[in-house]
Structure formats: structure tokens, C-alpha cells
Amino acid sequence: MKAKLENRQGVDYLTFKPEGMEFPTTIPVITKGSRNKANAWTWNGSLESPTVRPSVRTKYTNIDGVATEIHYWLNDGICDCLGDCKDGNSGKKLPLQECY
């Protein structure tokens with residue numbers, strides 16, 4: 001499985017880990033209803049090849065202890081990194097790692 005879904009206090013969260021990242025990313029996702037006022041990402045329902053909208057922008061500390069940022073579209077289990085990434089991944093396609 002490339003992603004896992006869990007419910008926390010009535011909110012569904014999707015967790016996944018792009019290749020090369022030390023820690024997973026967890027975002028709130030919509031599993032029913034509409035995005036209107038949901039403050040969450042839409043999700044295609046796949047744990048093996050997830051797609052979410054809108055794009056994901058995450059700030060994190062890299063292995064050198066430097067704060068940085070990654071920005072990507074998650075399409076069918078592949079992170080398509082955008083040009084404004086600050087972590088050196090701009091233009092790369094990062095598959096998701098297995099999620100345990």
C-alpha cells in the first residue's frame with residue numbers, strides 16, 4: 001500500500017511518503033460530500049495510486065537540519081514536483097514509498 005487512511009475525531013486523513021523524504025506527509029481528505037468549506041483535499045479513493053487536489057506544499061527540515069519546502073501535484077501515486085520547490089526536487093517525479 002502506498003498510502004493509508006485514518007479517521008481522527010471525525011476527519012479523514014491520508015498519509016503517504018514521497019521517495020527520498022524522511023517523514024510521511026499527512027493531509028485531511030474528503031471521503032464524502034463536497035469540498036465546499038471542507039478545508040481538505042479531494043482524493044480519488046485509491047490507497048495504491050492516490051491522486052489529490054489541490055497541489056501539496058510542505059515545509060520540512062532536511063537531513064542537514066535546514067528548513068526547506070517541496071511543492072507537487074500528487075497524480076496516480078507520483079509526486080510531480082513543481083518549479084517552486086526549494087529542496088532541489090523541482091521538475092522531478094517522485095513515486096510514493098510503501099506506507100506501513
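The largest pocket has a volume of about 310 Å³. Of its 17 lining residues, G20, M21, E22, Y60 and T61 are the closest to its centre. Strand β6 (residues 56-61) gives the largest share of this lining, four residues.

This is a predicted model: local features need pLDDT of at least 70, side-chain atom pairs count only at pLDDT 80 or more, and totals for chains, interfaces and linings use all residues. Residues are numbered from 1 along each chain as its sequence is written, and side-chain values use heavy atoms, with hydrogens and water left out.

A pocket is found on a 1 Å grid over the protein atoms alone: it is an open set of points where a 1.4 Å probe fits, with protein on both sides within 12 Å along at least five of seven lines. Lining residues have an atom within 4 Å of a point. Points are joined across faces, edges and corners, and a volume is the space filled by probe spheres set on them.

The second largest pocket has a volume of about 170 Å³. N7, G10, V11, D12, P28, V29, I30, T31, K32, A38 and A40 line it. The largest share, three residues, comes from β3.

The table sets out both linings by class. Ala, Val, Leu, Ile, Met, Phe, Trp, Tyr, Cys and Pro count as nonpolar; Asp, Glu, Lys and Arg count as charged; the others, Gly among them, are polar.

| Pocket | Volume | Lining by class |
|---|---|---|
| Largest pocket | about 310 Å³ | six nonpolar, seven polar and four charged residues |
| Second largest pocket | about 170 Å³ | six nonpolar, three polar and two charged residues |

## Sheet and strands

The chain has zero helices and nine strands. Helices (H or I, at least four residues) and strands (E, at least two) are DSSP runs, numbered from the N terminus.

Five strands form an open sheet in the order β1-β2-β3-β4-β5, with mixed pairing. β1 (3-8) and β5 (52-53) stand at the edges with a single partner strand each, so one side of each is left without a neighbour in the sheet. Two strands pair if DSSP finds at least two bridges between them.

β1 and β2 (residues 11-16) pair in the antiparallel sense over six bridges. Along this pair, A3 has F16 as its bridge partner, L5 stands opposite L14, and R8 stands opposite V11. The hairpin of β1 and β2 has two residues between the strands, and Q9 takes a positive phi near 50° there.

β2 also joins β3, antiparallel, through four bridges. On that side F16 stands opposite T25 in β3.

## Ring contacts

R8 also lies over the face of Y13, at 4.7 Å from the ring centre. The rule asks for NZ of Lys or CZ of Arg within 6 Å of the ring centre and within 35 degrees of the ring normal.

How many aromatic pairs are there? The count comes to zero. Rings of Phe, Tyr and Trp (its six-membered ring) would have to lie with their centres within 6.5 Å.

## Overall form

The C-alpha atoms fill a box of roughly 40 × 30 × 25 Å, taken along the principal axes. From the N terminus on, the elements run β-β-β-β-β-β-β-β-β. The radius of gyration is 13 Å, close to the 13 Å that the globule rule gives for 100 residues, so the chain is as compact as a globular protein of that length. That radius is taken over C-alpha atoms, and the rule is 2.2 Å times the number of residues to the power 0.38.

Definitions and conventions:
Phe/Tyr/Trp six-rings, centres within 6.5 Å; stacked < 30°, edge-to-face > 60°.
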